Amino acid sequence: MDISYIINHLGEDNASYFNAIAPPIIQTSNFSFSTVDDLRNAFADEMGGYLYSRGLNPTVDILRKKLAALDGAEDALVFNNGAAAVFAGVLANVKAGDHILSVHHPYSWTAHLFDKLLPRFGITVTYADGANTSEFLSHIQPNTTFIYLESPNSWWLDIQDLSAIAIVAKEKGIITMVDNTYCTPLYQRPIDMGIDIVMQTATKYIGGHSDTLGGVLCGSLAMMRKIFLSEYLCVGSGIQPFNAWLLLRGLRTLPSRLDRISASTQKVLEYIKTEPRIESFIFPLDPSYPQFELAQKQMSGACGLISFYMNAQRIEEIELFCNSLKAFRMAVSWGGHESLIIPKCAGLNPADFDPANSTHRLIRLYIGLEDPEFLLNDLKQAFAMS
Ligand SMILES: *Cc1c(COP(=O)(O)O)cnc(C)c1O
């Protein structure tokens with residue numbers, strides 16, 4: 001399906017709302033029925049129609065249709081944030097006694113789910129490096145029922161061979177899920193590669209304006225129905241109509257924002273390669289990336305996030321560089337209009353800083369929508385200060 005059609009037309013029925021171009025925000029908690037029989041039918045299948053906005057809501061449904069189509073999936077569910085989408089996707093598919101194989105360094109709250117919550121219910125998790133597929137798959141145990149991937153992940157931009165892992169998982173009846181936030185469906189389509197559940201944080205590129213959170217799961221009709229009728233309704237973590245409307249608005253400009261960010265990212269990379277204060281950098285579609293070939297094979301684009309190791313003997317040098325930036329703001333998250341910086345050492349007691357530990361010198365840049373010259377000038381002046 002054409003991306004422009006999906007983003008601009010699919011799921012919209014303008015004639016039913018006064019030919020308004022922007023769809024209405026159906027800000028209602030409940031929906032009424034004229035007969036007991038109609039109400040009975042609604043109770044019988046909450047995914048079959050509108051009953052109560054903890055379940056389905058018409059504004060959210062427009063977004064669901066577009067996001068499912070972008071991923072090439074049969075259906076999608078939209079959550080209040082990305083962490084809620086991860087929680088529901090995992091919880092719906094594991095039970096006591098099961099084992100999960102996860103790629104190492106997943107998103108922090110995904111790790112919290114695996115390390116703190118699931119063990120309380122008798123579910124075990126093994127983390128493994130996903131760079132070498134056969135080594136990764138060697139951690140499958142007889143009770144492994146779920147494989148969790150994040151490709152690329154958000155600090156080291158590690159990737160996994162999604163097709164190769166999906167083939168083995170399918171043979172063994174193991175469900176696969178991938179966090180596809182970095183690429184969005186525009187740059188990577190895991191459903192086409194055989195992955196069962198694709199998650200993305202709509203807070204990042206789909207929203208694109210740093211003004212709402214959201215999370216997405218895409219997959220088969222049966223999988224989405226299973227999650228909807230249990231975790232989605234029970235936890236009550238579905239997105240609210242207004243936030244869904246903001247995500248619809250963000251989605252309109254997703255392709256042009258990613259184009260712009262991709263072009264600016266290339267300019268920043270050119271500069272980074274010449275900056276003596278940068279020891280090395282990580283970017284999946286650069287020839288220096290260890291899995292460049294795989295990245296080229298399974299990703300049609302990459303942009304925004306660049307991680308680099310700063311040459312620094314003292315934590316003060318890194319702090320001075322970060323504190324001196326004016327165009328880049330210091331904040332968590334990414335995917336919005338604004339360029340950002342976050343140093344790993346912000347999570348460190350300064351007394352523990354060890355320049356020999358490269359992770360302590362790791363810094364993540366997010367390139368936003370500003371003029372790239374504005375950003376480059378800022379990086380240059382901040383390095384000059386440090
Ligand atoms: C931000 C992020 C999440 C969590 O999304 P929220 O909307 O903040 O809950 C999950 N995975 C990745 C890769 C992220 O960057």
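**Entry 1: aspartate 98**

I began by looking up aspartate 98, which I found in the loop between α4 (82–91) and β2 (99–103). A note to myself before going on: this is a predicted model.

Is aspartate 98 buried or exposed? I noted a relative accessible area of 5%, and the cut-off for buried is under 20%, so aspartate 98 counts as buried.

Next I checked what the side chain of aspartate 98 touches. A polar atom of this side chain lies 3.0 Å from the backbone nitrogen of lysine 95. The side chain of aspartate 98 also makes a polar contact with the side chain of threonine 145, at 3.2 Å.

**Entry 2: two leucines**

I then turned to leucine 51, in the loop between α2 (36–44) and α3 (58–71). Its relative accessible area is 14%, so I wrote leucine 51 down as buried. I also looked up how leucine 51 and arginine 260 are placed: they are 209 residues apart in sequence, and their C-alpha atoms are 41 Å apart in space.

My other leucine was leucine 320, which belongs to helix α13 (residues 315–324).

**Entry 3: the ligand**

Where does the ligand sit? I found the ligand in the largest pocket.

I listed the residues that surround the ligand, among them Asn81, Gly82, Tyr107, Glu150, Thr181 and Trp334. Ala83, Asp179 and Lys204 are also part of these surroundings, and I come back to those three below. Sorting the residues of the shell by kind, I got three nonpolar, six polar and three charged.

Then I went through some distances, one by one:

- Alanine 83 has a polar backbone atom 2.8 Å from an oxygen atom of the ligand.
- Aspartate 179 places a polar side-chain atom 2.6 Å from a nitrogen atom of the ligand.
- Lysine 204 has a polar side-chain atom 2.5 Å from an oxygen atom of the ligand.

How much of the ligand does the protein bury? Taken alone, the ligand exposes 380 Å², and the protein buries 91% of that.

**Looking back**

Notes. Residues are numbered from 1 along each chain as its sequence is written. This is a predicted model: local features need pLDDT of at least 70, side-chain atom pairs count only at pLDDT 80 or more; totals for chains, interfaces and linings use all residues. Side-chain values use heavy atoms; hydrogens and water are left out. A residue is near a molecule or strand if one of its heavy atoms lies within 4 Å of it. A polar contact is a pair of N or O atoms within 3.5 Å; within protein, one must be able to donate a hydrogen and the other to accept it, and residues adjacent in sequence count only if both atoms are side-chain atoms. Accessible areas come from the Shrake-Rupley method with a 1.4 Å probe; for residues, only the protein chains shown count as cover. On a 1 Å grid over the protein atoms alone, a cavity is a set of points where a 1.4 Å probe fits but cannot get out, and a pocket is an open set with protein on both sides within 12 Å along at least five of seven lines; lining residues have an atom within 4 Å of a point. A molecule sits in a cavity or pocket if more than half of its atoms lie within 2 Å of its grid points. Ala, Val, Leu, Ile, Met, Phe, Trp, Tyr, Cys and Pro count as nonpolar, Asp, Glu, Lys and Arg as charged, and the others, Gly among them, as polar. Helices (H or I, at least four residues) and strands (E, at least two) are DSSP runs, numbered from the N terminus. Buried means under 20% relative accessible area, exposed over 50%, partly exposed in between (1.4 Å probe, protein chains only).
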